[in-house]
There are 2 protein chains.
Amino acid sequence: MNSRQIHGVRNVIASGRVLTDEADRYSYAYDGSFGTYLPDIVVQTNKVDEILDLMKFANEELIPVYPRGQSTSLSGGPLPVYGGIVLDMSVMNDVLEIDDQNLIAVVSPGVLTADIHKAAEQKGLFYPPDPSSSHVSTIGGNLAENSGGPRGLKYGVTKDYVIGLEVITPQGELIRTGGATVKNVTGYDLTKLIVGSEGTLGIITKAILRLIPKPAATKTAMAIFDSLVDAGTAISKILSSGILPSKLELMDQASMVAVENYEPCNLPIDAAAMILIELDGHPMAVEDELIKVRHLCDRVGAVEVRIPANPAEEVELWKARKLVSPAIVRIKPTKISEDATVPRSKIPEMCQRLQEIKQKYNLHLVVFGHAGDGNLHPNIVADKSDKEEMRRVEQAVSEIFEAAIALGGTLSGEHGIGLMKAPFMEMELGAIGVQMMKRIKQSWDPNNILNPGKIFPEPGQRLVLTE
Amino acid sequence: MNSRQIHGVRNVIASGRVLTDEADRYSYAYDGSFGTYLPDIVVQTNKVDEILDLMKFANEELIPVYPRGQSTSLSGGPLPVYGGIVLDMSVMNDVLEIDDQNLIAVVSPGVLTADIHKAAEQKGLFYPPDPSSSHVSTIGGNLAENSGGPRGLKYGVTKDYVIGLEVITPQGELIRTGGATVKNVTGYDLTKLIVGSEGTLGIITKAILRLIPKPAATKTAMAIFDSLVDAGTAISKILSSGILPSKLELMDQASMVAVENYEPCNLPIDAAAMILIELDGHPMAVEDELIKVRHLCDRVGAVEVRIPANPAEEVELWKARKLVSPAIVRIKPTKISEDATVPRSKIPEMCQRLQEIKQKYNLHLVVFGHAGDGNLHPNIVADKSDKEEMRRVEQAVSEIFEAAIALGGTLSGEHGIGLMKAPFMEMELGAIGVQMMKRIKQSWDPNNILNPGKIFPEPGQRLVLTE
């Protein structure tokens, strides 16, 4: 951007801040994925009118605009790959209203997801989507990426709880989609199109979320297995028994060892795998289902089923699960976190393929994740300064995607396509499938101003992890 | 269409049937709403390849194509308003597979919704969406309109259970959206865009539906009230008590009287209103919640709370609710069935407004519907040969829409926009909101071949019920 353009942005952003110092800009150059891209400027404003004017100006001047929340994205969603403007939406955080008559929340995009959880629970209500980053991620980022989390199995993902949006279009117009009613079929469902569009179709400035009554009780069980296949069988048996757990998580031996080395949690590190099961609902139902789950796990050959004796022990178990990500980064500094997802019956097969890929490329790969809905998290840890290793990572990642798609799955269950998975889009969707998505993007953003370089591959683009 | 064009269609539809007799075409000229439009020809085929070729031919020749299931639509969705081709998808009904390992169903569009319910339940599974027409409607029609039903309150609508589609684009290309995994964020959510697009964006030739374990128990209660406002208060109290019923239906006095005159069901016709509550889930939880619901209703002044003594009595009560629609048509022959929806806290106010509109225009208006999710069904019965009365109906319908939107609601909760509500789109969405939807339509269907005349108003179009 030239100085006239920067001056133009300053004119438009009268109440907010425009950051141009390199040190400031550098803090906006990365996210939770891979790669560093310096924006020309950073804009902070909580005024809708100023963003409307900014988008009009950016369209006239053909300047890319990259909206961003707290940038916990694991797929490169907010990275300013073509420079231009980063729009820091985390400062638009003034509205967090819980309406317990209508079972809805009205929120600004910069509000932290965990704060919505807390505010809802204070009124006996429940906002189910719980991405692992919820304590640091903004709801705006969750909306852009359609974040998932462990509760997806029973409760669905972010999109399933969004009923209305206020959105600034790429050309700087304000629209409202959906509304405060849980049923709405007035025209095309722009709400669910925009949620998960990774900031390429509009800038969300307000959202109306559906809430449900908070389940009265929760109970947890841990089942330990000698083989990954037995763990997979237990998951299948539970899901076809008529019980729908609120969470059903898998950790393989490598993830348990990593956690124990990071912070001892009394995990069964001699076992091949363990599953963590959370049941929620009416206290009597939960009690009864817990007994059934124990029997089902015993019957498929669990080495042991542990039921926490008190809430503190329960918290401890779930903490162990949350520690996997920080723990594995201690092994090697560069973490490539994937979320290829398969139909749930294919989980044992996918686990097998992942072990083969791990051996073939001699990489440090751990497997954990939301096994109940088929959404595994194969994570590779490596060292990005080791170019030879990173090239093996590139090949392994490609093979993980191929395996997931061959098993009837998808590139991404909850992290989004962003930058890293764009080269693989046609593998899953075919050329026409990608083209039909592109037509929507072009019809809404003819100048390709809003978050350009994401989702859609450039001609010849391929995965490159060696900078 | 000229004879060369009809010949061209016959060439393309080698295995299927092309109907041209007026008698045949006439059976395809109406749906469950209002108005009669004769297509030029009717095509029946269960071959995807033939439909692909048909769409390519229709694009070359600029012939409108109107896909159609069983045409129970209440908004004119399948009406061939510009003539051309009606594509009868009810003959594509060969696939109905329940995969109990992955908790999914794979279905052809012509399969009846009730047959999916039955097939899932045989395997202990549950497909929740239950539009009242489910015994005669096809899943393809439900997908096109994003059908709702009483269970929307707890379980959501059709869209919430669709995870993958096979679709023929308006220009005759085949795409697959989503897949067999419950989590999928690979690119834009075309699945949820196409579901509810009323057949204007693509022809669905296969769908993958998400199933859940069948709830082990259900219980019903009927609560009778002296005033609509008390009934509304009871609904609010139940929903904020932490209980989420599977159904929560309202019938006003006029609907009860109509049903009793049609087929005696022992309804409390002296009361102002009644609500029907269904609870489902774990047997112990349901038993406990039933006691709580009874107490809540007593406390807000219910005249009586009836609990059916046995399953037969329970079935009887729900039959009474299903009889409202056939019953009221006996009063006068022309039924205008609306589904304007408001935030649930506004139900008492909406009921009040509906009574005022009924008196102002001196019409036979009954109110019933899915009160738990704000989705009321104000139905007006009239005689379409009485032009003066029909003009009063037109005005009343407009005022119903205005009232719903003024209360923060929507034109349509579950019936779709179709033909009848198109003139009111801008009232809810604004000019830009409608334009952003139109951009998508134009980018996918540049020749406006697929179901033209729906959703988007023609310039100056207004509601006309006098033929």
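Is B:K214 buried, partly exposed or exposed, and what is its relative accessible area? In this predicted model, B:K214 has a relative accessible area of 35% and is therefore classed as partly exposed. Its salt-bridge partner is B:E121, with an N to O separation of 4.0 Å between the side chains. The two residues come from distant parts of the chain, 93 residues apart: B:E121 belongs to helix α4 (residues 113-122) of chain B, whereas B:K214 is in the loop between β11 (212-213) and β12 (217-225). B:E121 is likewise partly exposed, at 34% relative accessibility.

A salt bridge is also found between B:K332 and B:E389, whose closest N and O atoms are 2.6 Å apart. This pair again connects distant parts of chain B, 57 residues apart, with B:E389 in helix α14 (residues 387-406) and B:K332 in the loop between α12 (324-329) and β16 (334-337). B:E389 is buried, with a relative accessible area of 3%, while B:K332 is partly exposed at 29%.

Within helix α13 (residues 347-360) of chain B, B:R353 and B:E356 lie 3 residues apart, about one turn of the helix. Their closest N and O atoms are 2.8 Å apart in a salt bridge. B:R353 is partly exposed at 28%, as is B:E356 at 36%. Elsewhere, A:K183, B:D373 and B:E414 are joined into one network by salt bridges that share partners. Over all chains, the count of salt bridges is 41.

In chain A, A:S33 occupies the loop between α2 (22-26) and β2 (41-44). Its side chain reaches the backbone nitrogen of A:G76 at 3.2 Å. Residues in contact with A:S33 include A:S73, A:L79 and A:M420.

Definitions and conventions: Residues numbered from 1 in each chain as written. Chains lettered and ligands numbered in written order. Predicted model: local features only at pLDDT ≥ 70, side-chain atom pairs only at ≥ 80, totals over all residues. Heavy atoms only, no water. Helix = DSSP H or I, 4+ residues; strand = E, 2+ residues; numbered from the N terminus. Polar contact = N/O pair within 3.5 Å; in protein donor to acceptor, adjacent residues only side chain to side chain. Contact = heavy atoms within 4.5 Å. Buried < 20%, exposed > 50% of the residue type's maximum accessible area, 1.4 Å probe, protein only. Lists of a residue's contacts leave out its neighbours within four places in sequence.
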